[in-house]
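Okay, thanks everyone, let's get going.

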Amino acid sequence: MTARNKHHEILFERHSNNPILTAAQWPYATNSVFNPAAVRLPNGETILLCRVEDRRGLSHLHVARSTNGVDGWEISETPTFMPDPKNHPDELWGVEDPRITFVEELGKYAVAYTAFGWGGPGVSLALTEDFVHFERLGLIFPPDDKDAALFPRRIDGRWAMIHRPVTNQGAHIWISYSPDLRHWGDHRILMEARRGGWWDAGKIGLSPPLIETERGWIMIYHGVRTTASGSIYRIGIALFDLENPENCILRGDKWVFGPFEKDEREGDVDNVVFPCGYTIGDDGDTINLYYGAADTSICLATGSIQRTLDWLDRHGLPESHALHTGE
Ligand code: BMA
């Protein structure tokens, strides 16, 4: 393994316990556990909604609970959220990569997840109060679409969702709006994949839900670089206006986190770090970022809201509106 270059600023520190969750800890036979959503309950407990892939290759979701968010995980004997292809044919080949947002207005958690069916991967939404019972709202964005998360509150009176449809013009991050969480419209491109040799050229997608700060919404996103030996999934950051999230205030130039340790370099899919959730520490600043490592296990890295904003001030540029308007 190459040594870490000492000149790089480290924004997210890996936990020494990594990987914090693996298939070996599961109470039944599974192939891999990865790409978890995360949330902290009012009692401080951390809930990870983990993607569990079985040996057919199909995924379901399973809750792991811990009081400190690092170890002592409680994992129930039975899966939490199984695909239901009978009622939701779009879930025929599984449910994947959840993102959780607590919606105060509803007093419920919204879980956006990838539903994988005949038409390809699409975005589905479910609501829950307890991570035991789930109300499915169904497929809200048809294939090919994934990497979605709901905003925790309405923007200008409407619900807003970030997602990543794929078109023959590339895989960019979009925003859409809804009056009722079921019917979505006013679709707009929020941030484009870069081109050419950039680390985030060709394909980008939201990683965990946005982080609300006084200066704006922090977006942690993944960028995919295609190389001769496959793709590399890395993480970058951007900042969006609080009241008009279509306005990208700053977008970082470099990636801030990428596959480095062995568990991230080697697994079912090599060279992947894929966060789907974070929790914020009691200090209101610490970001606990939970990520899938090489589509095989679950790891944790810790950062800071303040340091992320400082980094963006030094390494970010406003996005060119020319991308959206052609001006
Ligand atoms: C993406 C998603 C993720 C996965 C990643 C790397 O397209 O499907 O679930 O972790 O690819 O395989």
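Let's begin with the shell around the ligand: its residues divide into four nonpolar, one polar and four charged.

Quick housekeeping before I go on. This is a predicted model, where local features need pLDDT of at least 70 and side-chain atom pairs count only at pLDDT 80 or more, while totals for chains, interfaces and linings use all residues. Residues are numbered from 1 along each chain as its sequence is written, and side-chain values use heavy atoms, with hydrogens and water left out.

So who is around the ligand? The residues there are N35, R51, D97, K146, Y233, V269, V272, F274 and D295, each with a heavy atom within 4 Å of it. The ligand on its own has 310 Å² of accessible area, and the protein covers 86% of that; the areas come from the Shrake-Rupley method with a 1.4 Å probe, and for residues only the protein chains shown count as cover.

D97 sits in strand β6 (residues 95-103), and strands here are DSSP runs of E, at least two residues, while helices are runs of H or I, at least four, all numbered from the N terminus. D97 has a positive phi of about 45° although it is not a glycine. Is D97 buried or exposed? D97 counts as buried because its relative accessible area is 6%, and buried means under 20%, exposed over 50%, and partly exposed in between (1.4 Å probe, protein chains only). A294 also has a positive phi, near 50°, without being a glycine. A294 lies in the loop between β21 and β22, and it is buried at 0% relative accessible area.

Now the inside. The largest nonpolar core has 23 residues, and among those with the most contacts inside it are F12, I211 and V256. By nonpolar core I mean a set of buried Ala, Val, Leu, Ile, Met, Phe, Trp, Tyr and Cys residues joined through side-chain atoms within 4.5 Å. Elements giving two or more residues to this core include β17 (216-227), β18 (230-240) and α2 (305-315). Apart from it lies another core, of 21 residues, among them I155, Y177, W199 and A238.

Next, F131, in the loop between β8 (120-128) and β9 (134-141). F131 is buried, at 4%. Not counting residues up to four places away in sequence, F131 touches V39, L41, I47, V63, T80, I100, Y109 and V111, where contact means heavy atoms within 4.5 Å. F131 and I47 are 84 residues apart in sequence, yet 9.0 Å apart in space, C-alpha to C-alpha.

What does the side chain of S304 join up with? It makes a polar contact of 2.8 Å with the side chain of D285. A polar contact is a pair of N or O atoms within 3.5 Å; within protein, one must be able to donate a hydrogen and the other to accept it, and residues adjacent in sequence count only if both atoms are side-chain atoms. The S304 side chain also reaches the backbone nitrogen of Q306 at 3.3 Å.

Last, the cis peptide bonds: one joins N18 and P19, omega about -10°, and another joins P143 and D144, omega about -5°.

Notes. Ala, Val, Leu, Ile, Met, Phe, Trp, Tyr, Cys and Pro count as nonpolar, Asp, Glu, Lys and Arg as charged, and the others, Gly among them, as polar.
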